[in-house]
Amino acid sequence: MKELLIIGSGPAGISAALYAVRGGAPVTIVAKDGGALAKADLIQNYYGFEYGVSAKDLFETGVKQAEHLGAKIVRTEIFGIEFTEEGFRAKTADGAIDAGAVIIACGTARNVPPVRNIEKFEGAGVSYCAICDAFFYRGKKIAVVGDGAYARSEFAELKNVVSDVTILTNGGRALEGLPCNTKKIASFEGDETLKEVVYTDGTRETFDGVFIACGSAGAFELAKKVGLESANGKLTVNEKRATNVPGIFAAGDCIPGLQQIAKAVYDGMIAGTEALKYLKAQK
Ligand SMILES: Cc1cc2nc3c(=O)[nH]c(=O)nc-3n(C[C@H](O)[C@H](O)[C@H](O)COP(=O)(O)OP(=O)(O)OC[C@H]3O[C@@H](n4cnc5c(N)ncnc54)[C@H](O)[C@@H]3O)c2cc1C
């Protein structure tokens, strides 16, 4: 059976892994950190813990449980997903991982910086996907907004097609070796399309487009790269937790519904069993 790649080791990703791995699928879980549970403290509303459970313990025990059953855990960041003849390839900070099916379980969906007019210009100068939209900006002047490894990766993607690319760190530290402007951004301005970036010190700079790559690629950014449908910042799935792209499923906080552990675990169970069925049918 081909590999199942699960992005995220929170309750949704781990629950999906438990069902898939016990059903016989080779499972790789890729996660960069503890997700929402790393920010939480004592969990008192999850089944089975008389005095509650520390969110950190719940997270760590879940990861160990999945590993114990045979899932492979890789601690790295995923920058994007692309199609291959065999299925999918995830681009990571350390290379690439191939899979026959993918479950996106990477928590709340979007990393949008608080810049005035950002939503107004989405699709009209503001993009969330270098590989999808770089082509439209050939010969133009563009910027990547972000200050981490994901921004660096989007910059490299854009540089293959566009020569004039600047990183706008929006107050963050400059990325070594890349052309950076560290001023904080106040707003995007233009008419029908984005024309200028206005900084908080009152200065302005002309750009034809900006690519948002703040923090890590969230579900929304990953979705854009393979054409997944989304609404209100959440990935669109059916009752099988299947997205509109065959072989890609989603679970947990990145899809609609309550942002709670019990619901993420339930989503993960469905996504894991459905991804397993999908892989079995592929053999
Ligand atoms: C402060 C706080 C308190 C909370 N308290 C409660 C509570 O008391 N009870 C309750 O039921 N719920 C609570 N929640 C909500 C609960 O934590 C979430 O609903 C749940 O963790 C969602 O699970 P998930 O697996 O969908 O996402 P997450 O737990 O957020 O996991 C996301 C995973 O995806 C990984 N990831 C994301 N992007 C990438 C990428 N590009 N590459 C690689 N990996 C990536 C992350 O590293 C992480 O492993 C709380 C949340 C917070 C923030």
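Before anything else, a naming note: helices (H or I, at least four residues) and strands (E, at least two) are DSSP runs, numbered from the N terminus. I also remind myself that this is a predicted model.

**Entry 1**

Is N232 buried or exposed? N232 has 82% relative accessibility, so I put it down as exposed.

Next I checked R241, found in the loop between β19 and β20. R241 is not a glycine either, yet it has a positive phi of about 60 degrees.

**Entry 1: the parallel sheet**

I traced the strand order next and got β5-β2-β1-β9-β20, an open sheet of 5 strands with parallel pairing. Which strands stand at the edges? They are β5 (72-75) and β20 (248-250); each has a single partner strand, so one side of each lacks a neighbour in the sheet. From one strand to the next, the twist averages 20 degrees.

I zoomed in on the β20 end. Strand β9 (residues 101-104) pairs with β20 in the parallel sense, over 3 bridges. Opposite V102 I found I248 in β20.

**Entry 2: the antiparallel sheet**

The other sheet I looked up is open too, with 3 strands in the order β6-β7-β8 and antiparallel pairing. Its edge strands are β6 (78-83) and β8 (95-99), each pairing on one side only. Neighbouring strands in this sheet are turned by 20 degrees against each other on average, direction ignored.

I went through the pairings one by one. β6 and β7 run antiparallel over 5 bridges, and F83 has F88 in β7 as its bridge partner. The two strands form a hairpin with 4 residues between them. I checked phi in that turn, and G87 has a positive value of about 150 degrees.

How do I describe two packed helices? By the angle between their axes and the distance between the axes.

For helix α1 (residues 11-22) and helix α6 (residues 261-282), the axes come within 7 Å and cross at roughly 35 degrees. I logged the crossing as right-handed.

Then I listed who meets whom. From α1 the residues are P11, A12, S15, A16, Y19 and A20. They meet I261, A264, V265, G268, M269, G272, T273 and L276 in α6. Sorted by class, this contact has 10 nonpolar, 4 polar and no charged residues.

**Entry 3: aromatic pairs**

I ran the ring search, counting a pair when the centres lie within 6.5 Å. It came to 6 aromatic pairs. I wrote up two of them.

F135 and F136 have ring centres 6.3 Å apart and planes at 75 degrees, so I call the pair edge-to-face. Both F135 and F136 are exposed.

For F249 and Y278, the ring centres are 6.2 Å apart and the planes stand at 75 degrees, so this pair is edge-to-face. F249 lies in strand β20 and Y278 in helix α6, so the pair ties together parts that are 29 residues apart in sequence. F249 is buried, with a relative accessible area of 5%. Y278 is partly exposed, with 22%.

**Entry 4: G146**

Last stop: G146, in the loop between β11 (141-145) and α4 (149-159). Its relative accessibility is 4%, so G146 counts as buried. What does G146 touch, not counting residues up to four places away in sequence? I got A151, I167, L168, T169, A213 and C214. I also took one distance: G146 and I212 are 6.7 Å apart, C-alpha to C-alpha, while 66 residues apart in sequence.

Notes
Residues are numbered from 1 along each chain as its sequence is written. This is a predicted model: local features need pLDDT of at least 70, side-chain atom pairs count only at pLDDT 80 or more; totals for chains, interfaces and linings use all residues. Side-chain values use heavy atoms; hydrogens and water are left out. Two strands pair if DSSP finds at least two bridges between them. Axes are lines fitted to C-alpha atoms, for helices over the stretch in contact, and angles run from 0 to 180 degrees between N-to-C directions. A crossing is left-handed if the near helix is turned anticlockwise from the far one by less than a right angle, and right-handed if clockwise. Contact means heavy atoms within 4.5 Å. Ala, Val, Leu, Ile, Met, Phe, Trp, Tyr, Cys and Pro count as nonpolar, Asp, Glu, Lys and Arg as charged, and the others, Gly among them, as polar. Buried means under 20% relative accessible area, exposed over 50%, partly exposed in between (1.4 Å probe, protein chains only). Rings of Phe, Tyr and Trp (its six-membered ring) pair if their centres lie within 6.5 Å; planes under 30 degrees apart count as stacked, over 60 as edge-to-face and the rest as tilted.
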